[in-house]
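Reader: Please show me the model. I want to ask how its labels were assigned.

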Amino acid sequence: MVIVPKDGIWTAEELEQMTPAERDRIVREGFVDDLSGLDPDFVARVREKGRRLLAERGISVPAVDGD
């Protein structure tokens, strides 16, 4: 079992003492795959920037539910 530091920041020394599986678990737990927990204004800004970047590169992507 790995104890998460209060500030949520791991030092290089702490990470080096972990097994590869422990480091992998820590990284995977940091992934956000549910946008409903994020600030809606932030999500809207990210989506708009993505659309703008795609348009600048001539890439057409159909709208997805929730857009």
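Predicted model: local features only at pLDDT ≥ 70, side-chain atom pairs only at ≥ 80, totals over all residues.

Reader: How many helices and strands does the protein chain have?

Author: Three helices and zero strands. Both are DSSP runs numbered from the N terminus: helices are H or I with at least four residues, strands are E with at least two. Along the sequence the pattern is α-α-α.

Reader: How does the span of α3 compare with the expected one?

Author: The expected span is 1.5 Å times one less than the number of residues. α3 has 17 residues and reaches 24 Å from first C-alpha to last, close to the expected 24 Å. After α3 comes glycine 58, with a positive phi near 70°.

Reader: What makes aspartate 24 and arginine 28 a salt bridge?

Author: A salt bridge needs a side-chain nitrogen of Lys or Arg within 4 Å of a carboxyl oxygen of Asp or Glu. The closest N and O atoms of aspartate 24 and arginine 28 are 3.0 Å apart, so the pair meets the definition. Both lie in helix α2 (residues 20-29), and because they are four residues apart, about one helical turn separates them.

Reader: Why do arginine 51 and glutamate 48 count as a salt bridge?

Author: Their N to O distance is 3.9 Å, so they fall within the cut-off. They are three residues apart in helix α3, so about one helical turn separates them. Arginine 51 is partly exposed at 38%. Glutamate 48 is partly exposed at 45%.

Reader: Which salt bridge does arginine 52 form with glutamate 56, and where do the two lie?

Author: Their closest N and O atoms are 3.7 Å apart. Both lie in helix α3, four residues apart, about one turn of the helix. Arginine 52 is partly exposed at 40%, while glutamate 56 is exposed at 53%. Arg52, Glu56 and Arg57 are linked in a network of salt bridges. The whole structure has five salt bridges.

Reader: What makes Leu54, Ile59 and Val61 a nonpolar surface patch?

Author: Patch residues have over 30% relative accessible area and no salt bridge; nonpolar side chains (Val, Leu, Ile, Met, Phe, Trp, Tyr) are joined within 5 Å, like charges within 9 Å. Leucine 54, at 31%, is partly exposed. Leucine 54 lies in helix α3 (residues 40-56). The patch made by Leu54, Ile59 and Val61 covers about 230 Å². Accessible areas come from the Shrake-Rupley method with a 1.4 Å probe; for residues, only the protein chains shown count as cover.

Reader: Which residues form the negative surface patch?

Author: Asp7, Glu13, Glu14 and Glu16. Aspartate 7 sits in the segment before α1 (12-16). Aspartate 7 has a relative accessible area of 56%, so it is exposed.

Methods
Residues numbered from 1 in each chain as written. Heavy atoms only, no water. Buried < 20%, exposed > 50% of the residue type's maximum accessible area, 1.4 Å probe, protein only. Lys, Arg positive; Asp, Glu negative; His and termini not counted. Charge placed at Lys NZ, Arg CZ, Asp CG, Glu CD.
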